[in-house]
Amino acid sequence: MKHLLLLLAFIPTILFSQQESNKRYLSGAVTEEEGKVVFSRKIETHSLSAEQTYELMNQWLKEQVLNENTRLVYSDKIKGGLVVAGEEYLVFSKTALSLDCSLLSYRLFIHCQENECVLKLGNLCYQYNVSYQKEPEKYVAEEWITDKYALTKGKLNRISGKFRIGTIDFADKLFEGATAYLGTALLSTPTPVKAIQEPIPVQQPQEEITPISSEFSETGMTGYRQIAPDRIPGNIIKMLTEDWMLITAGNPDEMNMMTASWGGVGSLFSKPVAFCFIKPERHTYQLMEKNNTYTFTFYTEAYRDILQYCGSNSGRNKDKVQESGLTPLFTPDGSPAFNEAWMIIECRKILTQPLNPDLLNDTTLQEEWKGQQLHTMYVGEIINVWIK
């Protein structure tokens, strides 16, 4: 009884501590700019110049933030701008038998100027796998973690509330990491700060840093966000056999596309790969042979007529790109694709193999393809995946 009374005496203190801990996630914890969810942090850098701060932030990203799923997509030393496109798993609960988590995609905008550095985290989207659904549920922060959607009568909702908590914690961890890195540099370098290492080569852009309230434009990739190859959504067999795709090869001087329903994705040489099959008489075949990269693009049902046109006409004697009405774009690596696609898979060739009809094991296939020239198989490493 004595121990029970002692425990009861501590309950108000425990509840108060939990309430105080939750306050940081309640009303006003998620801020918006022009209708977009934005987390921001201003870091005072005292005597550092904009260039010195830029070098330090560049180095911080390289050492602590960038990885295979998170990369630098914009850098301008003169204007002090850096933009990162990243992905992070928010883990809500974890046991030996289950894992409750969501993939968060984001943009981190960094603006370095004299005596201060401003970080903004935005363009937040979630993919949440539910056990009884084939496709993940997708949310955007503006309709999921704001006060309007994540709070009821001042309290966190059970589902969206955990996304709100995870996002706030992630933003704080990111900002605190940058603050600590700059603080350590200031303490250890009383004299003017020099670049810690050789700066990462940057491409000087022609436009201002894209506002956080809009999509970041990456060499024509406006409206797309990048995902890891192992996060490709949908049933790839259905997407190929029923929905079809376009295989596009070439360069800004000459490009062509063809409709295809053969192919797949997988793993080869410990790399994520995609493979396809093209007959040598197809015009696209010549462009596949001349170029090292190519794309697979996928479309909604609204583009079925265009896919049929691209599969029944040759680019050898007409301008299929112009006649199709599709809008060409080129990836940062120079691969051709089309802006109407909801997903773009970009590949770099690693294996080309002509198929020999004599090697077919299926007698029905042997008879069907007897005397014909079979396709050439192309296997390419998946170097980029973009979705709208």
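Is isoleucine 159 buried, partly exposed or exposed, and what is its relative accessibility? You'll find the reply in the first view below.

This is a predicted model, in which local features need pLDDT of at least 70, side-chain atom pairs count only at pLDDT 80 or more, and totals for chains, interfaces and linings use all residues. Residues are numbered from 1 along each chain as its sequence is written, and side-chain values use heavy atoms, with hydrogens and water left out.

**View 1. Isoleucine 159 sits in a loop between a strand and a helix.** The loop in question runs between strand E10 (155-156) and helix H4 (160-188). Those labels come from DSSP runs numbered from the N terminus: helices (H or I) have at least four residues, strands (E) at least two. With a relative accessibility of 30%, isoleucine 159 counts as partly exposed.

View 2. A pair of aromatic rings is described by the distance of the centres and the angle of the planes. Rings of Phe, Tyr and Trp (its six-membered ring) pair if their centres lie within 6.5 Å; planes under 30 degrees apart are stacked, over 60 edge-to-face, and the rest tilted. By this rule the count comes to 13 aromatic pairs.

**View 3. Tryptophan 262 and phenylalanine 277 make another edge-to-face pair.** Their ring centres are 6.1 Å apart and the planes sit at 75 degrees, so the pair is edge-to-face. Tryptophan 262 is in the loop between E13 and strand E14 (264-268), while phenylalanine 277 is in strand E15 (residues 271-278), so the pair ties together parts 15 residues apart in sequence. What about exposure? Tryptophan 262 is partly exposed, at 41% relative accessible area, whereas phenylalanine 277 counts as buried at 17%.

**View 4. Serine 102 is buried in strand E6.** The strand covers residues 99-113, and serine 102 has a relative accessibility of 0%. A polar atom of its side chain lies 3.2 Å from the backbone oxygen of glutamine 127. Contact means heavy atoms within 4.5 Å. Not counting residues up to four places away in sequence, serine 102 touches Glu88, Tyr89, Leu90, Phe92, Tyr126, Gln127, Tyr128 and Phe163.

**View 5. Methionine 258 is buried in strand E13.** Strand E13 spans residues 254-260, and methionine 258 has a relative accessible area of 4%. Leaving aside neighbours within four places in sequence, its contacts include Met245, Ile278, Arg282 and Cys310. Tyrosine 285 is 27 residues from methionine 258 along the chain, and their C-alpha atoms are separated by 9.6 Å.

**View 6. Asparagine 123 and serine 270 both have a positive phi.** Most residues other than glycine have a negative phi. Asparagine 123, in strand E7, has a phi of about 55 degrees. For serine 270, in the loop between E14 and E15, phi is near 65 degrees. Asparagine 123 is buried at 18% relative accessibility, while serine 270 is exposed at 75% relative accessible area.

**View 7. Cysteine 347 is too far from cysteine 276 for a bond.** A disulfide is a pair of cysteine sulfur atoms within 2.5 Å. How many does that rule give? The count comes to 0 disulfides. The closest cysteine sulfur to that of cysteine 347 is in cysteine 276, 7.7 Å away, which is too far for a bond. Cysteine 347 is buried at 0% relative accessibility.

Methods:
Buried means under 20% relative accessible area, exposed over 50%, partly exposed in between (1.4 Å probe, protein chains only). A polar contact is a pair of N or O atoms within 3.5 Å; within protein, one must be able to donate a hydrogen and the other to accept it, and residues adjacent in sequence count only if both atoms are side-chain atoms.
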